[in-house]
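Please examine the structure shown below. The questions that follow concern a helix, a sheet and a loop.

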Amino acid sequence: MTENLEYYKVFYYVAKLGSLTAAAGELSVSQPAVSQALKQLEKALNTRLFVRSSKGIRLTSEGQVLYEHVKEGYEQLMLGEKKLRSMLQLDSGEVRIGASDMTLKYYLLPLLEKYHEKYPGVKVMVTNAPTPETLNLLRQGKIDFGVVSTPFTQIHGMSMMPVRQIEDVFVGGRKFMQYKNRMLDLQELERLPIISLEGETSTGRYLSEFLLQNGVKLHPEFELATSDMIVQFALRNLGIGSVVRDFAREYLEDGRLFELRFNKIIPKRQICVVTDEKTFISGAAKALLEMVSPM
């Protein structure tokens, strides 16, 4: 194969337009330069590619075979450049994010709404998973960044940006009104029917460790898949729900649920945006990260 791919570009336009003059105009070069490029290509391939006729210039049978392949390759290159320009201008592209139910609903979703208004052509893919799984996806390079809640073990090469505070609370309904407006010992939780998240989550691990440090070990009555469902169980007086305050805020404000108060405050946590230095971040993802404001 000839090493000068520019010859193939000239060949493509001459064959496509059927004219040396038209090809020269398209390429913004002189007609002699076009003729010379074709001669060099024919010399390198040791065959005639064009013949002149009364109607101008046309391909030989060998030239036609070559053109079918050059046409496909060159037009794919042009299509690739077009798509790349579109991605760089954020008319298209893709963002891959990992987030839990809580970080998605109470931080990421409003941000994605603004981002989509600004860049409607960018495809956003969100993998919904607990913090440990999200961090694993980030290490594997399967997402551009994660939106997770503390605590989590930060790995070398991983950067985190706190973006919002969250607060863990225990909430109850009318069946447990005797506990409202009382200052409780944390130990009293052991005697109450607790509703908590199932599986390995940063929220569950954080509360368990905090309570164990204060001599309390919970044995939940119900373990559920989502915090929204915990709130629904608490509304039906099936127990005391352990949730991040945001999930119960509506019901706390209208009085259908109340928050249990303790003589020892549960420390607040943070929602963090986490990136990995080893993960290539697309232009579309960088544009979204630029909309993130640290605490």
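Two strands count as paired if DSSP finds at least two bridges between them; helices (H or I, at least four residues) and strands (E, at least two) are DSSP runs, numbered from the N terminus. This is a predicted model, in which local features need pLDDT of at least 70, side-chain atom pairs count only at pLDDT 80 or more, and totals for chains, interfaces and linings use all residues. Residues are numbered from 1 along each chain as its sequence is written, and side-chain values use heavy atoms, with hydrogens and water left out.

Q: Which residue of β11 is the bridge partner of V169?
A: Strand β7 covers residues 168–172 and strand β11 covers residues 240–244. The two pair in the antiparallel sense over four bridges. In β11, the bridge partner of V169 is V243.

Q: Which strands stand at the edges of the open sheet, each with a single partner strand?
A: Five strands form this open sheet, with mixed pairing, in the order β10-β9-β11-β7-β12. Each edge strand has a single partner, so one side of each is left without a neighbour in the sheet. The edge strands are β10 (222–224) and β12 (258–259).

Q: Are α2 and α3 roughly parallel or roughly perpendicular to each other?
A: Axes are lines fitted to C-alpha atoms, for helices over the stretch in contact (heavy atoms within 4.5 Å), and angles run from 0 to 180 degrees between N-to-C directions. α2 and α3 pack with their axes 8 Å apart, at an angle of about 105 degrees. Angles under 35 degrees count as roughly parallel, over 145 as roughly antiparallel, 65 to 115 as roughly perpendicular and the rest as oblique. The two helices, α2 and α3, are therefore roughly perpendicular.

Q: What is the relative accessible area of G141?
A: G141 is found in the loop between α6 (131–139) and β5 (145–149). Leaving aside neighbours within four places in sequence, G141 is in contact with R96 and T279. G141 is partly exposed, with a relative accessible area of 30%.

Key
Buried means under 20% relative accessible area, exposed over 50%, partly exposed in between (1.4 Å probe, protein chains only).
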